[in-house]
Amino acid sequence: MQEEKDSKTFGRILLGIFGGVGLTVLCIPFVTPALRRHALPYVPATREQLDNIFNLLKQYSTKQRRHLVDLGSGDGRIVFEAVQQGLPRATGIELNRVLVYYARLKALTSGQRKICQFKRANLWKYDLSKYDTIVLFGVDTMMEPLLKKLSKEIADESVVITCRYQFPINCDRTIGEGIDAVWLYNSQTIRNQKILEK
Ligand SMILES: C[S@@+](CC[C@H](N)C(=O)[O-])C[C@H]1O[C@@H](n2cnc3c(N)ncnc32)[C@H](O)[C@@H]1O
């Protein structure tokens with residue numbers, strides 16, 4: 001009787017330890033972005049933001065877009081919405097392994113593995129020249145350095161759409177209000193950037 005009680009207690013202690021360790025390991029990727037130079041935490045896009053991105057894209061041009069990239073793709077919602085809206089391919093770049101595996105699993109189970117791809121990569125080191133549609137839901141402090149990176153890499157006829165925060169230059173088009181606002185910049189605007197004083 002006493003032996004059975006001891007073994008149950010031991011089982012609970014082990015469960016507590018492994019459960020706690022497992023939970024900590026899962027949480028680490030969500031905490032570490034706060035320690036980076038450009039702290040970019042995981043905040044998923046709202047339904048309104050998603051609608052604004054693709055309405056803006058349609059309003060701006062009727063040209064069929066070929067390949068969208070979402071910089072910091074989180075659970076992949078912008079990537080999945082892109083193919084839903086008729087883009088033939090979309091790719092998500094994300095540092096958080098948990099989110100990358102989650103998005104890959106969703107792509108696999110929904111039969112979209114070939115058209116929705118998720119790469120574990122650092123957006124600052126990733127070559128953006130092969131995408132004609134670049135989306136970012138970033139933070140204020142990263143907008144100017146990212147604009148510099150894009151001005152060197154952006155391909156002709158590509159567009160960049162930013163959510164919630166805009167680049168410190170005039171945009172080509174914008175829609176939405178407050179936290180759901182989105183801005184569109186074409187490649188010429190990005191290359192001929194004239195940084196506005198804050
Ligand atoms: C504001 S969330 C946006 C998520 C998604 N794009 C959406 O709209 O639902 C920013 C994402 O960028 C990721 N991230 C932060 N720094 C990154 C980096 N250097 N390279 C790639 N992804 C990064 C975060 O893990 C987070 O998931």
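**Salt-bridge network**

I began with the network of salt bridges that links Arg47, Asp51 and Glu81. The model is a predicted one, and I kept that in mind throughout.

I took the Asp51 end first. Asp51 and Arg47 meet through their side chains in a salt bridge, 2.7 Å from N to O. The two are four residues apart in helix H2, so about one helical turn separates them. I noted Asp51 as partly exposed, because its relative accessibility is 32%. Arg47 is also partly exposed, at 44% relative accessibility.

I then turned to the Glu81 end. Here the salt bridge to Arg47 has its closest N and O atoms 3.1 Å apart. Glu81 belongs to helix H3 and Arg47 to helix H2, so this pair ties together parts 34 residues apart in sequence.

**Another salt bridge**

I looked up how many salt bridges the structure holds, and the count is seven. One that I checked joins the side chains of Lys148 and Glu144, with N to O at 3.8 Å. Both residues sit in helix H5 (residues 143-153), four residues apart, or about one turn of the helix. Lys148 is partly exposed at 43% relative accessibility. Glu144 is partly exposed as well, with a relative accessible area of 32%.

**Ligand site**

Next I listed the surroundings of the ligand. There are 21 residues around the ligand, and those that come nearest are Ala45, Asp70, Gly72, Glu94 and Asn122. By class I recorded 13 nonpolar, five polar and three charged residues in this shell.

For Leu95, a backbone N or O atom lies 3.4 Å from a ligand nitrogen. For Asn122, a polar side-chain atom is 2.9 Å from a nitrogen atom of the ligand. On its own the ligand has 600 Å² of accessible area, and the protein covers 98% of that.

Ala45 is in the loop between H1 and helix H2 (47-60). Its relative accessibility is 6%, so I put Ala45 down as buried.

Asp75 is in the loop between strand S1 (67-71) and helix H3 (77-84). Asp75 is buried, with a relative accessible area of 13%. The side chain of Asp75 makes a polar contact of 3.5 Å with the side chain of Tyr42.

I looked for nonpolar surface and noted a patch of about 520 Å², made by Phe10, Ile13, Leu14, Ile17 and Phe18. I checked Ile13 from this group. Ile13 lies in helix H1 (residues 2-31). With a relative accessible area of 47%, Ile13 is partly exposed.

**Whole chain**

Last, I looked up the overall make-up. The chain has six helices and seven strands. From the N terminus on, I wrote the order of elements as α-α-β-α-β-α-β-β-α-β-β-β-α. Of the 198 residues in the chain, 41% are buried.

Note on methods
Residues numbered from 1 in each chain as written. Predicted model: local features only at pLDDT ≥ 70, side-chain atom pairs only at ≥ 80, totals over all residues. Heavy atoms only, no water. Near = heavy atom within 4 Å. Polar contact = N/O pair within 3.5 Å; in protein donor to acceptor, adjacent residues only side chain to side chain. Areas by Shrake-Rupley, 256 points an atom, 1.4 Å probe, with all protein chains shown as cover. Nonpolar A, V, L, I, M, F, W, Y, C, P; charged D, E, K, R; others polar. Patch = residues over 30% accessible without salt bridge, like charges linked within 9 Å, V, L, I, M, F, W, Y side chains within 5 Å. Salt bridge = Lys/Arg side-chain N within 4 Å of Asp/Glu carboxyl O. Buried < 20%, exposed > 50% of the residue type's maximum accessible area, 1.4 Å probe, protein only.
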